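The following exercises concern the overall architecture of a single chain. Each task is followed by a worked solution.

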Amino acid sequence: MEQYEMIWEYQQTDMELEQYEREMRNNSNRKELIKYRDFLLEQQAALKKIEGEVDVMSDRVEALVDEVSRLNKSVEEYKKQLTENPPEDQSKAHELVTAVEKLVSRISHYEAEIAKLRKDSEGRDRQQREVRVRAAKARAEFDRIKAIYDEEYKEASKQLEVLRGKVAEKAVGIDKQLLEKYQIIKRHSTPPITRIRDGRCGGCNMQLPAADMNKIRTGEPFVECENCGRIILVR
Ligand SMILES: [Zn+2]
């Protein structure tokens, strides 16, 4: 058998293998698994984000609680001063009252913020629980499909090995350089070997130049397409 007939047959089997690999990649359970995996990763990221927010909130609450206790102490001190060392005149008394009022106002402002932060934090806890429930459901579904897919994959892998064996068999006797060329063309144009069709490349449909047509007339068994790089068999 001529080299170019052999590589043509090799290509048929190689394309069958490619088709099979494509079908394996397109397996519906495999696609579902990828979807669930992506979803689970999203949930993990969501949990991490919430945890970060909760951390920031509790740091803030802690700081506010400290500040409120410090301010309360100051208020106590003013009160003590009022009883132990009463102001001498009205203006001093007024000063003291204003200072205390300011402190009390700041305290209530901070307490409101603490209450709000605590409420928000509870909301985040709820969110976390919801995310965890969703993730657990998805995880269970992932595991269920994975068990089915693993079986399918085991079977498909056997078939894949058979096809790979066939491809290897077909490669026997083919010139090494020609096989290499085939692999190189395959990277950009597949299938790499085509036939001539009405003076055109059977792969990309480009009209063959006169020089190539002349080669064919003088009995050349193949030409290479200037456009797509494929090997064009003449017969
Ligand atoms: Zn072409």
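**Exercise 1: Burial and overall dimensions**

Task: State what share of the residues counts as buried, and compare the radius of gyration of the chain with that of a compact globule.

Solution. The model is predicted. Of its 235 residues, 8% count as buried, the criterion being 20 or more other C-beta atoms within 10 Å of a residue's own. Next, consider the radius of gyration: the chain has 39 Å, whereas a compact globule of 235 residues would have a value near 18 Å. Finally, along the principal axes, the C-alpha atoms occupy a box of roughly 125 × 45 × 30 Å.

**Exercise 2: Secondary structure and contacts**

Task: Determine how many helices and strands the chain has, and in which order they run.

Solution. The count gives 5 helices and 4 strands. Read from the N terminus on, their order is α-α-α-α-β-β-α-β-β. Turning to contacts between residues at least 6 apart in sequence, 72% of these join residues at least 24 apart.

**Exercise 3: Domains and their contact**

Task: Identify the domain bounds, and describe which kinds of residue form the side of domain 1 that touches domain 2.

Solution. The domain assignment places domain 1 at 3-173 and domain 2 at 180-233. The C-alpha centres of domain 1 and domain 2 are 54 Å apart. To their contact, domain 1 contributes 5 residues and domain 2 contributes 7 residues. On the side of domain 1 that touches domain 2, the residues comprise 4 nonpolar, 1 polar and no charged.

Methods: Residues are numbered from 1 along each chain as its sequence is written. This is a predicted model: local features need pLDDT of at least 70, side-chain atom pairs count only at pLDDT 80 or more; totals for chains, interfaces and linings use all residues. Helices (H or I, at least four residues) and strands (E, at least two) are DSSP runs, numbered from the N terminus. The radius of gyration is taken over C-alpha atoms; the globule rule is 2.2 Å times the number of residues to the power 0.38. A residue is buried if 20 or more other C-beta atoms lie within 10 Å of its own, exposed if 12 or fewer, and partly exposed in between; C-beta atoms are placed from the backbone. Two residues are in contact if their C-beta atoms, placed from the backbone, lie within 7 Å. Domain bounds come from an automatic or database domain assignment. Ala, Val, Leu, Ile, Met, Phe, Trp, Tyr, Cys and Pro count as nonpolar, Asp, Glu, Lys and Arg as charged, and the others, Gly among them, as polar.
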